[in-house]
Amino acid sequence: MKKIVRVFIASVFVLVGFIVQTIQAQNPNIIVILADDMGYGDIQAYNQESNIPTPNLNTLCEEGLVFTDAHTNSSVCTPTRYGVLTGRYAWRTRLKRGVLSGYSNHLIDTSRATIASVVKRKDYNTAVIGKWHLGADFAWKNGSCPKEADGLLYVAENNEVDYSLPVKNGPNQLGFDYSFIISGSLDMGPYVYLENGLATAIPDHMFPASNFPAYLRKGEIASDFKHREVLDEFTQKAVSYIDEQAKTKKPFLLYFALTGPHKPALPAKRFIGKSGLEAYGDMVVQVDWTVGEINQALKKNGIEENTLVIFTSDNGSYMYKIGEDQPDCFVDQMVEGYHASNHRANYIWRGTKTDIYEGGHRVPFVVKWPEVVKDGNTSDKTICLTDIFASIAEITNANVSSEMGPDSYSFAKVLSGKEDIKRPSIVHHSVNGVFAVRQGKWKMIFSNGSGGREKPSGKPFGKPYMLYDMENDPQEASNVIRANPEVAKNIEEYLNQVMIDQD
């Protein structure tokens, strides 16, 4: 009788284990690929006039769902990245304008939920590989981070940082089991890899500043850090991570934050000249290749069908539209821009990275998930990158409270064509702190300028404000605020309420 009981109990354990594995298998692997400064017009599937070859991204668009009205919450990188990971607008933090430096203290409170900590509740393995740029606490020998480190111009010198000690309050304290990152952008120090909070090599000299296209700021650099090889290094790490996770029973989340085509425009040597559109175009080609490597890894490991891949960008391209009467980068490689006849990195949209205009925040956004998403479809639903948080939570059936991801609205049901997104509006933010609200076809800018690089840059809440009808005027050419005072009033009241509501 005891033997029968033991056999029965053992059978129950086997059955429970099988059920658990089945439930786990139902949750997809998730890969969020975040390009750095890649414009809406840099992908041929979005811009048929583009001559930059992007075969892998074109295939991703053919096999997935293409969103044509997707936006970043900010027109620069740090606040957008904050929104992706937390589902929360970054202007709710201490960062009211600009971006962090490579030395800045942590921006995300370690008690705050992230896409990584949320899926860990569903027994996911989690990793971040690539550009972090959300701050982390280095071991400063004087005991604290200088205030200036929250600005781009700060450069640590005179052995101010002890790189032999671990970095605190970084990705590993925010739900990521594994991290292999650089702390800032590829154009700012410290030029050092951090693996699980530890430098892979100690910076031993200063790297000099240089101009575009090899734009770099002066900064400390380690011997194992070669700027042209960084994106390849991150790609190899990402592919290895996928290979390792494919052998396990648990699903995984990989946040793969690319370093291109952001400055410096220094593609790996094998990509030089491949685009026919100078260094920036070659960087786009390398980004495309990188996406292809991820897809190949999924296919090789037989996990493509139940892997959700999101590809997008943290803001628009920095490449200007140069007037035909002025030299562009084809004439002078130090010019950051193209004639429209050569390439439109931000497609038809006005402005560039940093601006509150569409070119600053309208980005490519593609979702591939063979088990759920029908291939070759497009969606004109208006979404924001903060929506990644709520969507992942819904897809994985993760329990999240109302305080988590307060500015995030799930597009999960849109992927299967079942339902519309419930997002009421999007609040945008520019590099100098200018707000804009997108509500239906209307976009209202709370400034008298771009909020960024386009002149005049204007000031936050400087008047007169601007109102655009995005259906009839997608290039933001005609300010119609005088003809629509009630629309403007309602949107202003909405923004005031959103700014008051803090989680």
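Reader: On what basis are the values computed?

Author: This is a predicted model, in which local features need pLDDT of at least 70 and side-chain atom pairs count only at pLDDT 80 or more, while totals for chains, interfaces and linings use all residues. Residues are numbered from 1 along each chain as its sequence is written, and side-chain values use heavy atoms, with hydrogens and water left out.

Reader: How many aromatic pairs does the structure hold, and how is such a pair described?

Author: A pair of aromatic rings is described by the distance of the centres and the angle of the planes. Rings of Phe, Tyr and Trp (its six-membered ring) pair if their centres lie within 6.5 Å; planes under 30 degrees apart count as stacked, over 60 as edge-to-face and the rest as tilted. The structure holds 31 such pairs. In one of them, the ring centres of tryptophan 91 and phenylalanine 435 are 5.2 Å apart with planes at 80°, so the pair is edge-to-face.

Reader: Which parts does the pair of tryptophan 91 and phenylalanine 435 tie together?

Author: Helices (H or I, at least four residues) and strands (E, at least two) are DSSP runs, numbered from the N terminus. Tryptophan 91 lies in the loop between α3 (77–86) and α4 (115–120), and phenylalanine 435 in strand β16 (residues 435–439), so the pair ties together parts 344 residues apart in sequence. Ring pairs also join Tyr89, Trp91, Phe435, Phe446, Phe461 and Tyr465 into a cluster.

Reader: Are tryptophan 91 and phenylalanine 435 buried or exposed?

Author: Buried means under 20% relative accessible area, exposed over 50%, and partly exposed in between (1.4 Å probe, protein chains only). Tryptophan 91 is buried, at 7%, and phenylalanine 435 is buried, at 6%. Another pair is formed by tyrosine 193 and phenylalanine 225, whose ring centres are 5.0 Å apart and whose planes are at 40°, so this pair is tilted. Both tyrosine 193 and phenylalanine 225 are buried.

Reader: Which charged residue sits over the ring of tryptophan 349?

Author: A charge sits over a ring if NZ of Lys or CZ of Arg is within 6 Å of the ring centre and within 35 degrees of the ring normal. Here the charged end of arginine 362 is placed over the ring of tryptophan 349, 3.9 Å from its centre. Likewise, arginine 350 lies over the face of tyrosine 357, at 3.9 Å from the ring centre.

Reader: Which residues of the largest nonpolar core touch the most other members?

Author: In soluble globular proteins, nonpolar side chains tend to be buried together. A nonpolar core is a set of buried Ala, Val, Leu, Ile, Met, Phe, Trp, Tyr and Cys residues joined through side-chain atoms within 4.5 Å. The largest has 65 residues, of which Phe365, Phe411 and Leu415 touch the most other members. Helix α8 gives the most to this core, with five residues. In α8 (residues 387–395), eight of the nine residues are buried.

Reader: With which strands does β2 pair, and in what sense?

Author: Two strands pair if DSSP finds at least two bridges between them. Strand β2 (residues 65–71) pairs with β13 (residues 362–368) in the antiparallel sense over five bridges, and with β14 (residues 377–384) in the parallel sense over six bridges. Leucine 65 has valine 367 as its bridge partner in β13 and stands opposite asparagine 377 in β14. Six of the seven residues of β2 are buried.
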